[in-house]
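This report concerns the salt bridges of a protein chain. The sequence and structure are shown first, followed by the individual pairs.

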Amino acid sequence: MPYWDTLGRTLVAEDTKESADRIADFLTYSGLDATVSSTADNPHYTVTVPAAQEELAEKLMDVFHQYEDEDEKRAAYYREQCLTHSPTFVPSEEKFRNSTNSSATFLLAGIVIVAIGLFHFFSVMYSQKEGAIDACVVEIVFGFIFIWFAITTNQKVRMLQSQILEENAFTDQIIRWCTTTYPAEHLDKCIDAATADSQTISEEERFFLRRQLIQDYILREYDISDDAYLDYVTDTIYKKLYYPNAIAAAG
C-alpha cells in the first residue's frame, strides 16, 4: 500500500520537483491541502491531497493542464513573433575547410584518372600498347565520377561558406548587443541583489550565476535552439565582459 493511502491522502500528480511545486502551489491557492513529498526509491516528487478532496483535485488538475497548454502556446507565439531567430548553423569552420580540401582532392584525382584513361585509350587505338578498350573506358568513367564528386562537394562548400558568413554576422550582433546593453557591473549588481540574504558566494558560484544570467538575457531576445551554439556565444560574451584584455590579445 502506498504511504499516502496510510495517511488518508490520495495521489494527484507525480513529476519533477519544479512541476510538482507548481501543481501544489496551484492547488493550495485553490483552497486544497496539497503537499509535495519524495521517497528514496522514486526519482519523481508526488503531490497528494486529503482523500476527501480527491474529486475537486481532479477537476482542478484539468484546469491546471489547460493553463499549462495556454502558457506553452503563448511562449511559442512569443518565440515565433517577438524573438530574433537564429540562422542555420554549421558545426564549425573546420567542416568548411575539410569540404574545401575534399573538393580539391576529388578534382585533382579525377583529372589524373581521366588523363591516364585517355592515354591508355589512344595507345590501344593506335596499337601502341596492348589492352582492351573496355578497361580504358572504365578508367575514364571513374575519372569523371571523381570530377562529379568534386563539383558537388564544391557546391556544398559554397553553401557552407554562405552559412558561416550568416552565422558570424549573427554572432557578432548578439555579442555587440549583450555587451553594450548589460555590462559586467550590471550583471554583478543583479547577482548581489539576488543573493543579498545569503552568505557570501564563492567565485565559482559567481561564475555560474553570471553565465546563467547572460544566457537568460540572450534567450529573452533571440530564439536559439542549438545548445552548443548558445554555450559558445555565452562563453564569448563572458570573456569579453570579464577578460577583455585576453580577448584583445587573442585577436
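Glu68 and Arg22 meet through their side chains in a salt bridge, at 3.1 Å from N to O (a salt bridge being a side-chain nitrogen of Lys or Arg within 4 Å of a carboxyl oxygen of Asp or Glu). The pair links distant parts of the chain, with Glu68 in helix α3 (residues 54-81) and Arg22 in helix α2, 46 residues apart. Helices (H or I, at least four residues) and strands (E, at least two) are DSSP runs, numbered from the N terminus.

The model is predicted: local features need pLDDT of at least 70, side-chain atom pairs count only at pLDDT 80 or more, and totals for chains, interfaces and linings use all residues. Residues are numbered from 1 along each chain as its sequence is written, and side-chain values use heavy atoms, with hydrogens and water left out.

## Accessibility of the partners

Glu68 is partly exposed at 27% relative accessibility, and Arg22 is partly exposed at 34%. Buried means under 20% relative accessible area, exposed over 50%, and partly exposed in between (1.4 Å probe, protein chains only).

## Further salt bridges

Asp33 pairs with Arg9, their closest N and O atoms lying 3.4 Å apart. Asp33 sits in the loop between α2 (17-29) and β2 (35-39), and Arg9 in strand β1 (residues 9-15), 24 residues apart. Asp33 is partly exposed at 39%, whereas Arg9 is buried at 14%.

Arg211 forms a salt bridge with Asp235 at 2.8 Å between the closest N and O atoms. Arg211 belongs to helix α7 (residues 203-221) and Asp235 to helix α8 (residues 227-242), so the pair ties together parts 24 residues apart in sequence.
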